[in-house]
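Please read this briefing alongside the sequence and the coordinates. The points are grouped by topic.

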Amino acid sequence: MRPPQYARFDVAPISKRRLRWELAIVLGLSFGYAGVQSIITILRRLSQETALASQTATINRPLAEQPFFDLAYQLLGFVGELAPVALVAYLLWRTAAPHLGNLGLGRLPGRGARWWLADTGWGVVLAAAIGIPGLAFYLFSRIIGINANVVPTTLDTYWWTVPVLILSALRAALGEELIVVAYFFDRMRRLGVGPIATIVSSALLRGSYHLYQGIGAFIGNVVMGLLFGWVYHRWGRSLPLIIAHWLLNIVSFVGYPLALMLWPTIFEVAP
């Protein structure tokens, strides 16, 4: 197995103490905080008399009654939640091209001008490999009662609804793959943590902030995190992960209203 490509990029030395504080701050501003919040949420769900499978977890919801203000809040949320992504891009920025090489982005030496085509292609393959088993596992977890009913969106239908859902899908893909994978792997490597421990830690972090949806969501996302972590360690490229995650979210967010219209009972699986 050849060394991961992200390890080839030189960076200025930073003390391990500073790296630990930096990692804690970045995660505290993003998915570490979301993970703790999600753990509290699942404990609250499990403490209720209503069975977990009878509860609902909504991902995209209206933020205001008036359409204009709802759109404004949705766009503001998109920009605001990408602030931690901008932070890690700033922290790992290289003066020499590829500037975002430490995040697994940009053309690599020896690659042609269309390097992004290969990354996109592998992203589509990853999405196909994860999508169908993921849906099957979700339905199975609903049947055995370890997951809430996940509603991808309750947004009303306006001209901007689909674009906002696509942006929401992109926001999640960029945030998770660039922070939980690319940035996390870089910092763990520089802290001297081995690849296996890094992959497992990243996968558990990914699972933690999905716990608000149920135990099934935690397990499914840990498995996804293990696969994505191995792929990133093997090739050092984050664009395939972003593309795969974005496609999966688009199908989930945008396809949900259509699926509900065609098959009204498909998501109403009872334990």
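Contact, as the word is used here, means heavy atoms within 4.5 Å. With that cut-off, and leaving aside its neighbours within four places in sequence, Thr161 is in contact with Leu155 and Asp156 in this predicted model.

- Thr161 is found in helix H6, which comprises residues 161-190.
- The relative accessible area of Thr161 is 8%, and because buried means under 20%, this residue is classed as buried.
- A polar atom of the Thr161 side chain lies 2.7 Å from the backbone oxygen of Asp156, and Asp156 is also one of the residues in contact with Thr161 under the cut-off stated above.

**Gly101 in its loop**
- Gly101 is placed in the loop between helix H4 (83-91) and helix H5 (115-143), and with a relative accessibility of 1% this glycine counts as buried.
- Although Gly101 and Ala182 are 81 residues apart along the chain, their C-alpha atoms are separated by 9.9 Å.

**Annotated transmembrane regions**
- According to the unreviewed UniProt entry, the annotation "transmembrane region" covers residues 21-43, 71-93, 114-140, 160-184, 215-232 and 239-263.
- For residues 21-43, the end C-alpha atoms lie 28 Å apart in the model, and the span is 91% helix and 0% strand.
- For residues 215-232, the end C-alpha atoms lie 25 Å apart, and the span is 100% helix and 0% strand.

Note on methods. Residues are numbered from 1 along each chain as its sequence is written. This is a predicted model: local features need pLDDT of at least 70, side-chain atom pairs count only at pLDDT 80 or more; totals for chains, interfaces and linings use all residues. Side-chain values use heavy atoms; hydrogens and water are left out. Helices (H or I, at least four residues) and strands (E, at least two) are DSSP runs, numbered from the N terminus. Buried means under 20% relative accessible area, exposed over 50%, partly exposed in between (1.4 Å probe, protein chains only). A polar contact is a pair of N or O atoms within 3.5 Å; within protein, one must be able to donate a hydrogen and the other to accept it, and residues adjacent in sequence count only if both atoms are side-chain atoms. UniProt positions are given in the numbering used here, feature names are shortened, and annotations may be inferred rather than shown by experiment.
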